[in-house]
Every structure is written in structure tokens, then in C-alpha cells.
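User: I am new to this structure and would like to learn how to read its features. Could you take me through a few of them?

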Amino acid sequence: CFCLGLVLVLVCGAELFTGNSLMVCALKSKKITLAQMLKAWVVVWVGNFVGALFIVFLVYMAGIYKLNGEAVANSMVSVAIFFRGILCNIFVCLAVWIGTAGKTVVDKVVGILLPIAAFVACGFEHCVANMYFLPMGAVMHACGYGADVAGADALNAAGIAFNLSAATLGNIVGGAVLVALGY
């Protein structure tokens, strides 16, 4: 699913906060100002968050959490931070870099697959993914699922805010500092 999300962003022209950390390249090249970059980051971060909450609503209303004997609901609670965010956005930004270099849709899709699969397999923290997973886990926990999942009690406003703050900062360091400035 993560690969599909990034493919849709790159091919359909949407904006993804973590990929936008590459804007540091444009800042360094003096193509944009710091204010322009920060404004774009805030607008896209908020837009990604609103979009993620809308998807939480749609998934909940569609009853997807009831799949597999409601095991999906318990998994949503268990998928519940700074260094994992750094590592995550290294992979995401490299996937964006590869995807942008592709000349065809197939080039873009194939280039995105391995870096995204790697960050997902490693369990790294992606602030935009967490904008969906954590509220969805909180909704499922509030509905009585995942009571035996370790850390489920942290799925509250303060816990989600802490995770998103740490993951966002880590994603900025990984993407803006280590990938964008590295290139």
C-alpha cells in the first residue's frame, strides 16, 4: 500500500510532506526562500493530516476493521520515533528521487518499490502514514479492540501528538539534511 501511495503522489501530482523535505535542494540553490519552503511544508503537512483523518473515517465507515474476524482492528491498534523517522525518510526521499528520474510510469513504479518496501519492512516511522495509523488505532481501541496490545493506552491525543512531532522532525532530518543536502 505504501508503494501505491507514493506512486499516486508522483504520477498524479499530489503533495507528500516527507517527499517535500527535498525542497531543501531548491532552498540551497536559492530557487525558493526559507519562508516559501516552511509555508509549503506546513500547508502540505496539514493537508496530509486532514486527508489521513478522512481516510480513517472512510475505512471505519466501510467496516474494514471487521475483516479477518476483526483481527484487522487489533492490528490497527498495535501499529501504533526520531531515529526511525530519520531512517524512514532516507528511504522515502530516495524513492522520490528515483521515481522522479523515471521517464515512464513503469520506471517510476519499479524505482519506488524497493526503497518503500525496505522502510515498511524495517518498521520505520513515517509521519504521514502515522497520521492515518495512529488515529485509526485510537478509534479501534476506543471501540474496544486491542485491549491486550502493548502501548495501546498511548493511543490518545497526547501520545499521537508526541509520535507525530518526533516522526516529523526525524523525517525532516532524514530527508532534508541527509538526502537533499547530501545530493
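**Reading a helix and its surroundings**

Analyst: The model is predicted. Start with helix length: at 1.5 Å a residue, the 16 residues of α8 should span 22 Å, and its end C-alpha atoms are 22 Å apart, which agrees.

User: Is α8 largely enclosed or open, and why?

Analyst: A residue counts as buried under 20% relative accessible area. In α8, 12 of the 16 residues are buried, so the rest of the structure largely encloses this helix. Among the buried residues are C127, Y132, P135 and M140. After α8 comes G144, with a positive phi near 100 degrees.

User: How does α4 pack with α8?

Analyst: An α-helix has 3.6 residues a turn, so residues three or four places apart point the same way. Helix α4 (residues 34-62) and helix α8 (residues 127-142) pack at about 35 degrees, their axes 9 Å apart. The crossing of α4 past α8 is right-handed. The contact includes W45, F49, A52 and V56 of α4, and V128, M131, P135 and V139 of α8. By class, this contact has 16 nonpolar residues, one polar and no charged.

User: How many salt bridges does the structure hold, and which side chains meet there?

Analyst: A salt bridge needs a side-chain nitrogen of Lys or Arg within 4 Å of a carboxyl oxygen of Asp or Glu. The structure holds one: R84 and E125 meet at 2.4 Å, N to O. The two lie 41 residues apart, R84 in helix α6 and E125 in the loop between α7 and α8, linking distant parts of the chain.

User: Are R84 and E125 buried or exposed?

Analyst: R84 is partly exposed, at 40% relative accessible area, whereas E125 counts as buried at 9%.

Terms used:
Residues are numbered from 1 along each chain as its sequence is written. This is a predicted model: local features need pLDDT of at least 70, side-chain atom pairs count only at pLDDT 80 or more; totals for chains, interfaces and linings use all residues. Side-chain values use heavy atoms; hydrogens and water are left out. Axes are lines fitted to C-alpha atoms, for helices over the stretch in contact, and angles run from 0 to 180 degrees between N-to-C directions. Helices (H or I, at least four residues) and strands (E, at least two) are DSSP runs, numbered from the N terminus. A crossing is left-handed if the near helix is turned anticlockwise from the far one by less than a right angle, and right-handed if clockwise. Contact means heavy atoms within 4.5 Å. Ala, Val, Leu, Ile, Met, Phe, Trp, Tyr, Cys and Pro count as nonpolar, Asp, Glu, Lys and Arg as charged, and the others, Gly among them, as polar. Buried means under 20% relative accessible area, exposed over 50%, partly exposed in between (1.4 Å probe, protein chains only). The expected span of a helix is 1.5 Å times one less than its number of residues.
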